[in-house]
Amino acid sequence: MSASALSPEVVSSIQRILTVEEPKESIEVLSDFTPIDTLNTLFPDEESLSQLEEVQKNLVEEQEKIQAEINALRKELQKDQDPGRMQLIQELISELLSQMNRIREKATESEAIVQNITREIQVLDLAKKNLTTSVTALKRLQLLANALSQLEVLVEAKSYAEISQSLAAVKEISSFFRSYMSIPQIMVLFQRIQGLQGQIRSHLDHDFDIFFLQDPNKPISRDIIRDACLTVNTMGSDVRNHFVDRYCSMELKEYRRIFRSTDEAGQLDNIARRFAWFRRQLAHHEEDSSDVFPEDWEVGQQLCARFSEITRDDLKAALTKAAPSLTVALLLESLQTTLDFESAISTKYRLPFVDIVRKSCTASGGQPDKISSVFDAHMGIFIDAQDKALVDMLSSSRGAKSRPSLEESLSDAENPVTVLPSSTELFYFYGQNLEQCTKLSNGKPLFDLYNLHKKWLKIFAEDVLVASMKSKPKTERERRSMDGRSAEIRNACIALNTADYCQSTSLELEEKIKERIQEEYREKITFQAERDLFLSVISTAITVLLRELENASEYALLAMQRLQWGNQDQVSGQSQYATDLVQAVDSAVGLIRDHIQQKKYLRNFYDKASSLLITRFTNSLVKSRPLKETGAEQLLIDLQVLKASLLRFPQSLEGSSLNTSYVRTVTKSTTQLETLLKVVNSPDDPPQGFISNYTLLIGDSSFSNFQKVLDLKGTPRQQQNKLLDTFLTMTSTMTDLEPTSFLSSLDMDPPATAASSVLSPNSSVASLPNLVSGVGGGGVFSGIVTPPLGTGNLFDSSSPRSGSGTGEGKVLSDLRRLVNFAVRREKEKEKEVPKSGSGS
């Protein structure tokens, strides 16, 4: 037998068995062998050399053992490679293959014998199966023929009770013969079935028409109709839907005649008559006809669904026709009447009205809608009415009338207000029309109402709140008047409280609308832009309060600038201007504290107010130069008075962490100003001591900063030159000094304070003042900005100086001052040379 006669799997298995794998060992295994490492292992130290003979003996034994193993492997290899043994193995394999071939041939012969034996048995089984099927078919055919004969008799007798049972049996038996329709006899039977169903359908049409028309001359028994309904059920759902639809059409035929859209009864103002008519018709159906129809037909619900479909189309036409003259009252009355009817029907059948509408047999295309859905397209009239109502509601509080309206609210001493009454009225109105609109529709009309709310929230913020904080330009006397400032402060506080109330209440309004509106509009509902607008109004109100605080402190700071600080010869406690300043600030801040409801805005105001007052104080200090030593010492005392007043601001706030942060911020700002005054207060003789004191307190080597101190001190120009020479000489060797310090942001020529109104009366939106220059424009430290909550530093060395936005500007400024100083020194030397020559 050849190897080609075997299957590929057997051949591959035999080859795998006979394949001799070569050993994987090779000389590469010994590639990592190093004699030195082996000797170090055998003889780790000198004492181990005494065991040399023993080690040599062990190595010889190991060598002999390995050699013996090699010899044994060689003999085994020679034995395996014996040609005679290999030939014997091949002969055994050939014999094995021959035996396998013979077994296969025997198996094929056995299979053929078994098939011959069982062939006749299979034929008998097939014959038995065909015979059984034929007998069954003949029996069923006989049953079908008998059932058809019986059904024909029952149809002639119009016995619907028996017809329903017999027809059901015929339909069940005939389903077996649908695969035999090609047989002529079977085809004839199916034609007889169809003919009988046609006769039954004709009888049913005739009897149902008599029942529907209720002709007294041709009365028909209600029992017959009940049995006929059983037969209709047997004939299928299509036939049942046909008769239910016919019944509904006949019941509503009079309705369509009476309430045609072209007649007066079909107009929108007669919508209540429509529903009243149908209620009577539905009651008549339940009394006279509902017991005839099977309960699972749900004829009452089908009648409601068909009525809804007709009414919806009629109302759509009526609304379109009446659109030009449609009033809000008629629209809402009609819609409410429709909703009441839908609610009553839904309660009656304990189903959502939209599920009842879906039962309409004639509903086609899309999802049937409720009757009230036709009003959604016309709800714009309702939205426009709400818009007009809001116009009338806020007409007395908008634009130019906003401030008189606010002052009128504050004039009632018996009933003090914390927020504008118009804001509470606005949200009360929002709540009312939200409830009303939700009852009418929670779809597109509610979304349109939401957009109307957005519109008027923006108008209220801009035309009422912001406009109420605008003030006409005041004279200097009016600015200094406490009564005038008090009115402005109360106005701004009421506007701030109202804005806070509006922004928090608008969030609640947003949540309520999201709860009630349809899912498709829910993601679009947000008042975030309006809340941000109210937050900007709060920022504007705080700006107005800062303006009034500056106006309150202006008179005392002007008095500070008029004092001749260079002529002071002694220090006498706190100055009168400092007393006036603290009294004015405490009075204004106390009034603000009493009228702001939310403490979080007080903290924000305190931070900005402290930064503003320190900035204005520093402005006045720079303008009051020369200060001299005594003046600087007096200003240090006055600064401590101002600092104590500022630290009293947050006493009403809860939370030690807030107070600690505020105290740290104020202390940091005033400490740097104190450091400046201490340097000015120190004597400039000897120069080395004065400069050492400067470098110790200020800690920079800036030429321009040192000259600022000299200018504040009022040092004469000639003496300044000597001090500057000494300063350059000493600081050139002090490598640990910084190139800049907090004095780098000090402006020695601040603009004049302008106490004019921050809010322009001609402006539509209030502008936040730049605290860099104080309210009004001038600023000592051009790098100062309004500090954020809990932070702030008056002398911010990282802030750019006025006129330069980078550190390069500071370097150039120092360079210019140094060049000017050198030029002056050269000129003075030239003048000194002739004098010395004439003297000689």
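This is a predicted model: local features need pLDDT of at least 70, side-chain atom pairs count only at pLDDT 80 or more; totals for chains, interfaces and linings use all residues.
- Setting aside residues up to four places away in sequence, Phe617 touches Leu557, Met560, Tyr577, Leu635, Leu639, Leu642 and Leu673.

**Helix 5 and helix 6**
- Two packed helices are described by the angle between their axes and the distance between the axes.
- Helix 5 covers residues 160-174 and helix 6 covers residues 184-213; they pack at an angle of about 150 degrees, and their axes lie 12 Å apart.
- Angles over 145 degrees count as roughly antiparallel, so helix 5 is roughly antiparallel to helix 6.
- The crossing of helix 5 and helix 6 is left-handed.
- On the helix 5 side, the contact involves Tyr160, Ile163, Leu167, Val170, Lys171 and Ser174. Facing them from helix 6 are Phe190, Ile193, Gln197, Ile200, His203, Leu204 and Asp207.
- Sorted by class, this contact between helix 5 and helix 6 brings together eight nonpolar, three polar and two charged residues.

**A closer look at Ser422**
- You will find Ser422 in helix 16, which spans residues 421-440.
- Is Ser422 buried or exposed? Ser422 counts as buried because its relative accessibility is 10%, and buried means under 20%.
- Apart from neighbours within four places in sequence, Ser422 is in contact with Leu394, Ser397, Phe460 and Val464.

Note on methods: Residues are numbered from 1 along each chain as its sequence is written. Side-chain values use heavy atoms; hydrogens and water are left out. Axes are lines fitted to C-alpha atoms, for helices over the stretch in contact, and angles run from 0 to 180 degrees between N-to-C directions. Helices (H or I, at least four residues) and strands (E, at least two) are DSSP runs, numbered from the N terminus. Angles under 35 degrees count as roughly parallel, over 145 as roughly antiparallel, 65 to 115 as roughly perpendicular and the rest as oblique. A crossing is left-handed if the near helix is turned anticlockwise from the far one by less than a right angle, and right-handed if clockwise. Contact means heavy atoms within 4.5 Å. Ala, Val, Leu, Ile, Met, Phe, Trp, Tyr, Cys and Pro count as nonpolar, Asp, Glu, Lys and Arg as charged, and the others, Gly among them, as polar. Buried means under 20% relative accessible area, exposed over 50%, partly exposed in between (1.4 Å probe, protein chains only).
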